[in-house]
Amino acid sequence: MDLRDLYQEIIVDHNRSPRNFRKIDEHTHTAQGFNPLCGDKLIMYIVLSGDVISDISFEGSGCAISVASASLLTERLKGQTVEEALKTFEELHTVFTSPDEPEDLEALGKLGALAGVRAYPSRIKCASLSWHALNSALNSGGVTASTE
Amino acid sequence: MSVPATVQTQEFDVERIRADFPILHQQVHGKDLVFLDNAASSQRPQSVIDAVSHYYMHDHANVHRGVHTLSERATAAYEGTREKIRSYINAASTAEIIFVRGTTEAINLVAQSYGRERFQPGDEILITWMEHHANIVPWQMVCEKTGAKLVVAPITQDGELDMDAFTKLLTDKTKIVAVGHISNAIGSVNPIKEIIDLAHKHDVPVLIDGAQSMPHTQVDMQALDADFFAFSSHKMFGPTGVGVLYGKQALLDSMPPYQGGGDMILAVDFEKTLYNELPAKFEAGTPNIAGVVGLGATIDYLNQLDFNAVAQHEQALLDYAQEQLATVPGLRIIGTAKDKASVVSFVLDTVHAHDLGTIVDSEGVAIRTGHHCAMPVMDFFKVPATARASFAFYNRHDEVDVLVAALIKAQRMFA
Ligand SMILES: Cc1ncc(COP(=O)(O)O)c(C=O)c1O
């Protein structure tokens, strides 16, 4: 188990300078992600134009894994349809939780960097926090997502 | 904890002590284990492990129920521990020693059995800002049912209880004071004797959460005059799943049972049940017999230690740890009380506590990261989480060095 598999350059970079780290006042959807185990707290803001995520951002505080994951999420999903976003959520969820080695990490692009958490079960919650928030924002119109 | 300067103690042989703890001698990720998460749960000496397995191999049967040999042996071992505990904490009687699952259950027992019966709307329960959730939530639950109010005494920037404010908050409305002896999050030692004396002037009973003090010091119930004192075996080198509620007999006698079931009754018919006497009244159902037996062996182990030497060793570890950690750039120690147990909470400016935990683990170092079940303390110091190194008497100075090197490595990783 090499720590650099977890803290890849991409992760360190997105933690140091998170993308889309701001509040969108005119959001159409929002949800909070809260990890009571470690105190990570993120808020996702989404602007839906029809079926398309025309803008997305986040704010909050958390460990490098949760911040980088949220940053990568916003980068990836901007411009995607809700359907595409939820499909990516499902794919990533499978990568995090399936006992089988992921087959095609390449297909996930930069998000593949998050697969390092597979070797650190206690950190999977960190990587999936923003995604759960996204999911609840899109599905239920904004309640607090918790990783517990 | 502070040590009287005049006390002379012999050299503390940490290697001899470490030899008693088999779990310490292993590698994690190819590195020697450095176990600095003792405030969450400490480790067990071989003699405790042996006592539990001996019990299961030779003596196990249910307690208080059989006339056969094994049941008598199990009962003798179980009740034998009760006497060992009584003597260890200098309680007046074994009737005052209630076996429970741990500190959490002990506090819930008092909150429900003592509090729910008595508290009225407008009554106040006085706690402090540095309590573990186990000494907050049970009281909130009672407040919800009774209309009593939870009053929280503030702490200072150093993480000490603000005694002036505490004194003012202690009034005729106060119906119980519940205070931790030592903060698990930041290590502060509270002046519990002073608190108890103050409260007694107002005829207010005091519950002390002793979860974090029992691993570091010996406590004398009669000298302290605490009304309730709660602790967990697993934090004081004994088995998990067992703990003790000490309560003054007159108080315990006046309280209704917490749970109903076997062992806590004298006679049952469907009209009315006659409750058993202390301590059985509060021990419904088959208890954690093996855990209690193991706790007995733990007390034997602690009894052969020189606690003055332990205190000096731990103070030296704490001083060294704080001094070395202070050399790490960007590191801030959270909790700088004058009287502190060997617990150091800290944050690094460039690395989140949670990432620190994972990175130092790869160097074999076990520390706790998070809010330590004390979210109000985190809020007070405006940090989402801290990293916490907590030392037991079997820790060594060079383990501090390994921790510090691991922290520097973490910083480099994020530089
Ligand atoms: C100060 C304090 N009180 C209460 C508890 C709860 O103890 P337990 O989980 O053993 O019931 C702990 C342990 O985390 C503690 O540190």
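**Chain contacts and a ligand site**

Student: Why is the pair Arg123(A) and Asp355(B) called a salt bridge?

Tutor: The closest N and O atoms of Arg123(A) and Asp355(B) are 2.8 Å apart. A salt bridge requires a side-chain nitrogen of Lys or Arg within 4 Å of a carboxyl oxygen of Asp or Glu, so the pair qualifies. Between chain A and chain B the count is one salt bridge. This is a predicted model, in which local features need pLDDT of at least 70 and side-chain atom pairs count only at pLDDT 80 or more, while totals for chains, interfaces and linings use all residues. Residues are numbered from 1 along each chain as its sequence is written, chains are lettered from A and ligands numbered from 1 in the order in which they are written, and side-chain values use heavy atoms, with hydrogens and water left out.

Student: How do you know that chain A and chain B are in contact?

Tutor: Contact means heavy atoms within 4.5 Å, and 22 residues of chain A meet that condition with 16 residues of chain B. The buried area, which is the accessible area (1.4 Å probe) lost on putting the two together and summed over both, is about 1500 Å². Carbon and sulfur atoms give 62% of this area. In chain A, Leu3(A), Tyr7(A) and Cys38(A) lose the most area to chain B, together 33% of what that side buries.

Student: Which residues are around the ligand, and how do they divide by class?

Tutor: Among them are Thr103(B), His132(B), Asn184(B) and Gln212(B), each having a heavy atom within 4 Å of the ligand. The shell divides into two nonpolar, eight polar and two charged residues.

Student: Where is the cis peptide bond from Leu278(B) to Pro279(B) found?

Tutor: Pro279(B) is in the loop between strand E12 (273-275) and helix H10 (289-303) of chain B. The bond from Leu278(B) to Pro279(B) has omega near -5°. Helices (H or I, at least four residues) and strands (E, at least two) are DSSP runs, numbered from the N terminus.

Technical notes
Ala, Val, Leu, Ile, Met, Phe, Trp, Tyr, Cys and Pro count as nonpolar, Asp, Glu, Lys and Arg as charged, and the others, Gly among them, as polar.
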